[in-house]
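Work through these exercises with the model open beside you. Try each task before you read its solution.

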Amino acid sequence: MDKFFAFFSFTDPNVRLVTFGTMFLGLSTAAVGSFAFLRKRSLIGDAIAHAILPGIALSFLFFQSKNPFLLMGGALVSGWLAMVSIEYISNKSKLKPDTAIGLVLSVFFGVGILLLTHIQHTGIGNQAGLDQFLFGKAAAIVKQDLYAYGIIAFLLLAVILLLFKEFKLLSFNPDFAQASGLPVQSLRFVLSTITVLAIALGIQSVGVVLMAALIITPSAAARAWTERLSVMMLLAGGIGAFSGLVGSYISFTAPNMPTGPWIVMCLSCIALASLFFSPRRGVLAKLLQQRKNRIKIVSENLLKALYHLQEQSDFQNRHFTEGDILEQRSFSQGDFHTALKKLKKEFWIMPITEKNRFQLSEKGVEEARRVVRLHRIWEMYLTERMRLKADHIHPNAETIEHIITPEIEEQLLEELGYPKKDPHESPIPYKA
Amino acid sequence: MSLESLYIVLTAGFIAVSCGLVGAFLILRKMAMLGDAISHAVLPGIALAFLISGSRDNLIMLLGAALVGVLTTVLIELLHKKARLQEDASIGVTFTWLFAIGVILISAYTDNVDLDQECVLYGEIAYVPLDLWQLANGTNLGPRPLYVSAGLLLLIVLFVWRGYKGLTISTFNPDYATALGISTALWHFGFMGLVSVTTVVSFESVGAILVVALMVAPPATAYLLTGKLKKMLWLTVLFAFATAGGGYFLAVWLDGSIAGAMATAAGLYFALAFAYTRLQASSRNKPLKATAASPTHGA
Amino acid sequence: MSTEKPALEVHNLTASYQRKPVLWEIDFALPAGKLVGIVGPNGSGKTTLLKNIMGLMQPDGGYVNLFGKKLDEVRQRVSYVPQRESVDWDFPASVLDVVQMGRYRRSNLFKRLSAEDKHVAAEALEKVGMLPYAKRQISQLSGGQQQRVFIARSLAQQADLYLMDEPFVGVDASTEESILTLLSEMKQEGKTVVIVHHDLQTAYDYFDWIVLLNTRLVAAGSKEEVFRSDLLQEAYGGRLTVLSKIGDLISRKDFPIREGEFKEKEGLGDG
C-alpha cells in the first residue's frame with residue numbers, strides 16, 4: 001500500500017515523468033492504431049513491430065549511440081522496408097498475404113535477434129538496455145529520450161487531427177476517396193509513415209513482441225461501444241493511456257517485471273469485458289435478447305393455447321386448469337412456468353379462487369387474439385404470396401407470428417385485403 | 001566440424017524439417033498467421049506445465065500444450081463468430097493476451113523455473129550438446145534434444161505420409177471434401193493439434209517467434225519454385241536442412257543467436273528464390289510481347 | 001428410371017446466413033433423368049440451396065431427401081461441382097491430381113488409389129477433352145479448362161445425381177458447347193443433372209426442367225410450365241417487402257427461425 005501512495009502521489013519527478021510519458025505513448029499509438037484496425041491491417045502492424053528490431057540494432061551498430069532520434073530513424077527505415085516487402089511479395093507472387101506477413105515478421109525478427117545477440121556477445125559500446133525493446137521497460141526510459149518520444153507522439157496526433165476526414169474516408173471507402181479526387185497515394189504514404197512511427201513509439205512501452213496488442217486491442221475494445229470513428233479513437237486512446245498507467249505502476253512496484261505484458265494484460269481484460277458486456281454488440285446483450293425472445297415465444301404460445309381452448313368450447317368455457325392447457329399443447333416444465341409468470345405479470349390471466357384454474361383477462365383475450373390473428377394472416381400470406389401448400393405452412397407461421405410488428409401486420413392485412421378466414425378455414429379474429 | 005556442431009546442426013535440421021512440412025500445409029491453408037498465433041499462445045501452457053511438473057519434456061506436457069493450441073483456434077473463432085470481432089483482430093487480441101500471461105508467469109517464477117525470457121524468444125539450441133541423455137548405468141546416449149526432435153520428425157512424416165490425401169483435399173477444396181463425406185472439421189483440428197505439438201517441441205530450441213520463420217520461410221521458398229505438391233514438400237525438406245546448416249555457420253561467424261541466424265538464412269534463401277522467379281517472369285514476358293499472339297496456351 | 005423415387009426432394013427448407021434468412025420454405029421435388037436449371041436473380045439463394053442439399057450448411061428448418069434417402073446413405077450416388085472461384089487455383093496440383101480427388105472416399109482416405117480408380121479418373125478426363133493436359137499444373141489453365149477439370153472430377157465419382165454451381169460462368173464458347181454435349185450424354189445415360197444458372201436467356205434452351213427461385217420458390221416444373229411471363233415477372237420483379245422486413249427483424253433480434261419442436265419434423269397443422 002505504501003508503494004501505491006508513493007506511486008500515485010506522483011511526488012517522485014521520475015515516476016511522474018515516466019508515467020505520463022507511457023500514458024502519452026499508449027494514447028497516441030492506440031489512436032493511430034485504430035486506422036490500421038479499421039483497414040483490417042492490424043496484423044501487418046504486428047509484422048512492422050517485429051521488423052523494427054533489426055532497424056534499431058543496425059542503427060546502434062552503425063552510430064554506436066542510443067540517441068532516440070537515430071534509433072527511431074533505423075526503426076522507421078526497417079519498418080517501412082517490411083511493409084513494402086509484404087505488399088511486394090503478395091502482389092508479385094502466388095504467396096498469399098498471410099504468408100507474406102508471417103514471413104516478413106519472423107525473418108526480420110530473426111535478423112534482429114541475430115544482430116542483437118551479436119552486439120551483446122561482442123560488447124560493442126554501451127549496449128545495455130537495447131533488449132528492453134523486446135518486452136518494454138517503461139521505467140528504464142531516461143528523461144531526454146522521453147522528451148524526444150513525446151515530441152514525435154505530439155506530431156503524430158497533430159497530423160491525425162489535421163487529416164482526420166481524409167484518413168477516415170481512406171479507411172472506410174478507399175474507392176470513393178479515389179473517385180472524389182483525393183490524393184490517395186500521398187495520403188496512404190502519410191498514413192503508413194505515421195503508423196510505422198506510432199509502432200516505433202509504442203514499442204518503448206510494450207516491446208516489439210506484444211506491440212500488436214497496442215494497435216489492435218484498444219480499438220477492438222472501443223469498437224464494441226461506438227459506431228463513430230472519432231469516439232472510437234478517443235476511447236481507444238483512453239484505454240491505451242490507462243493501460244500505460246497500470247503498466248508503469250506495476251513496473252514501479254515490481255522492478256523485475258517487464259512492463260509490456262502487464263500493459264497487454266490490462267488491455268486484453270478491458271477488450272474482453274467490452275466484447276462481453278457492450279450493450280450493442282456484446283455477447284451478454286445477445287444472450288439477454290435471446291432469453292427475451294424465448295419468453296415472448298413461450299408466453300404467446302400459452303396465450304394461444306388458452307385461446308384455442310376457448311375457441312373449442314365456442315367461447316362458453318373460460319376457466320382452465322394447468323392440465324387442460326398441457327393437454328392442448330405440450331410445454332417443457334421450465335417453459336410453462338416462465339410463461340405463466342409472464343402472463344400473470346402482465347395481468348393477461350387471472351387466477352381463479354378455485355385452485356389451479358386460470359381465466360384470460362380482457363387484456364389477455366385481446367393479446368391472444370392478436371397472436372392467433374398474426375398466425376392466421378401469416379398463413380394466408382404464405383399460401384397466397386409464397387405459393388405454399390396449406391399443409392406446409394404451419395411450422396413457419398408458428399415462429400413468424402411472434403415477430404410480426406404492428407406496422408408489418410398493417411401492411412400484411414392491406415396486401416391480403418383483410419381476409420376473413422385462414423387457409424384452414426379458421427376465422428381470423430380481428431380487433432374487437 | 002566437431003561432434004558438438006554436428007549435434008546442433010542435426011537437431012536444428014530435424015526441427016526445421018518438421019516445422020517446414022507442417023508449415024507447407026499451413027501456408028496452403030492460408031493460416032500462416034494462425035500458426036503465428038498458436039506459437040505465441042502455447043507459452044502459458046508451457047509455463048504452467050513447467051511450474052507444476054518442474055520438468056521439461058513429458059508426454060502430458062506435450063498433449064496439454066497441444067490442447068492449448070487447439071483451444072487458441074477455438075477462442076479466435078469464438079471472438080470472431082460470437083463477439084463479431086473482425087478476424088485479424090481476433091487473432092491479434094488472442095495471441096498477445098495469452099503470450100502476455102505466459103511472460104508474466106515466467107517473470108513471476110523466474111527463480112523456480114529454468115526458463116527465461118531469452119529462451120522464450122530465441123531458444124537454447126546452442127546448449128543441445130550439454131543436455132545429454134544418460135542411462136542409469138551411466139551409458140551416454142548423446143544429446144536428449146536430438147532424440148526428441150527426431151521423434152517429432154518421425155511423427156510429422158507419418159502424419160503427412162498417411163494423411164496426405166485427407167490433408168490435400170481438405171486444404172484445396174474443403175466444401176468438396178465435405179460433400180464426399182470427409183470431415184473437414186476433424187482434419188482442421190487434427191492439423192491444428194499437429195501445429196501445436198510441433199510448436200511446443202521446437203519452442204525450446206528456437207523460441208516462439210522463430211518457429212514461425214521455420215514454418216513459413218522454407219515452404220514459401222519451395223512453393224515459389226514449383227507447382228507440384230510432392231516436389232514442394234521435398235524442396236521444403238532441402239531448404240529446411242540448408243536453413244539449419246547455413247544458420248549455424250552464420251551464427252558462428254557473427255557470434256550471435258543460432259535461431260536468429262537460421263531465420264536470417266531462411267530469409268536469404270527466400271529472397272534469392274524470389275529474385276529468381278521475378279527474373280524468370282520478366283524474361284518470359286519479353287519475347288511474349290514481341291510475338292503478341294502466341295498460340296501456345298490454347299484450350 | 002421413371003419408376004424410381006424422385007432424385008431430389010426438398011421439404012420446407014429454410015436457411016440463413018448469419019441469422020439472416022436467405023431461403024424461405026423451399027419445397028419441391030425433381031424427377032430423375034432430367035436436366036434441371038435452378039434459375040433466379042442475384043442473391044436469390046441458388047448457391048445456398050445447393051449447399052444445403054449437399055450438407056455444407058445446416059438448414060434452420062426442413063430437410064432434403066435424395067433418392068428417397070438421407071444424404072449420408074446415398075453419398076456415392078451424388079456429386080457436387082462447386083463454383084470455380086471457390087478454390088485457389090494456385091494450389092500446387094496437376095489436373096490429374098484434382099480429378100483423382102473424385103475417387104476419394106471416407107473409406108479409402110488412408111490407402112493408395114487403386115488401378116481402377118486411376119483408370120476411371122483418366123476416363124473422366126478423356127470425356128471432357130482434357131486428357132492431353134493431365135500433367136499440367138492447374139494454375140496454368142484457362143477458366144474454361146478449370147471448369148472442365150471440375151466437371152471431370154465430378155464425373156469420376158460415377159454418381160447418378162450431379163449438382164453443379166454455375167458451370168457456365170467465365171467459360172469460352174467452345175467449352176460451353178462441349179459441356180452442353182456432355183450434359184445431354186449424361187441425360188441419355190439416365191443421370192440427373194441440377195445446375196445453378198444465372199442467365200435467364202439461355203436457361204430455356206439448356207434445361208428440361210426449371211426451378212425458379214427468389215429467396216422463396218416461385219415455380220418448379222417443366223420449362224414450358226415455368227416460362228410464363230407472370231412467373232418470371234414474379235421471380236425477377238424484386239423481393240416481397242414484407243418478407244425482407246421480417247428477415248431483417250429476425251437477424252437483428254436474433255430470433256430463431258424455427259421453434260425447437262419444428263426443427264426436423266412437420267408440424268401438426270392445427271393453427
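**Exercise 1.** How many residues of helix 11 of chain A are buried?

*Solution.* Note the ground rules. This is a predicted model, where local features need pLDDT of at least 70 and side-chain atom pairs count only at pLDDT 80 or more, while totals for chains, interfaces and linings use all residues. Residues are numbered from 1 along each chain as its sequence is written, and chains are lettered from A and ligands numbered from 1 in the order in which they are written.

Step 1: find the helix. Helices are DSSP runs (H or I, at least four residues), numbered from the N terminus. Helix 11 of chain A covers 211-223.

Step 2: apply the test. A residue is buried if 20 or more other C-beta atoms lie within 10 Å of its own, exposed if 12 or fewer, and partly exposed in between; C-beta atoms are placed from the backbone.

Step 3: count. In helix 11 of chain A, 13 of 13 residues are buried.

**Exercise 2.** Which span should helix 11 of chain A have at 1.5 Å a residue?

*Solution.* Step 1: take the rule. The expected span is 1.5 Å times one less than the number of residues.

Step 1: apply it. The 13 residues of helix 11 of chain A should span 18 Å.

Step 2: check. The end C-alpha atoms are 19 Å apart, which agrees.

**Exercise 3.** Describe how helix 11 of chain A packs against helix 4 of chain B.

*Solution.* Two packed helices are described by the angle between their axes and the distance between the axes. Axes are lines fitted to C-alpha atoms, for helices over the stretch in contact, and angles run from 0 to 180 degrees between N-to-C directions.

Step 1: read them. The angle is about 115°, and the axes are 9 Å apart.

Step 2: list the partners. Two residues are in contact if their C-beta atoms, placed from the backbone, lie within 7 Å. Helix 11 of chain A brings A212(A), A213(A), I216(A), T217(A) and A220(A). Helix 4 of chain B brings A89(B), G92(B), V93(B) and T96(B).

Step 3: sort them. Ala, Val, Leu, Ile, Met, Phe, Trp, Tyr, Cys and Pro count as nonpolar, Asp, Glu, Lys and Arg as charged, and the others, Gly among them, as polar. This contact has 6 nonpolar, 3 polar and no charged residues.

**Exercise 4.** Which helix of chain A gives the most to the side that touches chain B?

*Solution.* Step 1: size the contact. Chain A puts in 50 residues and chain B 54 residues.

Step 1: pick the helix. Helix 5 of chain A gives the most, with 18 residues.

Step 2: classify chain A's side. There are 30 nonpolar, 14 polar and 6 charged residues.

Note on methods:
Helix = DSSP H or I, 4+ residues; strand = E, 2+ residues; numbered from the N terminus.
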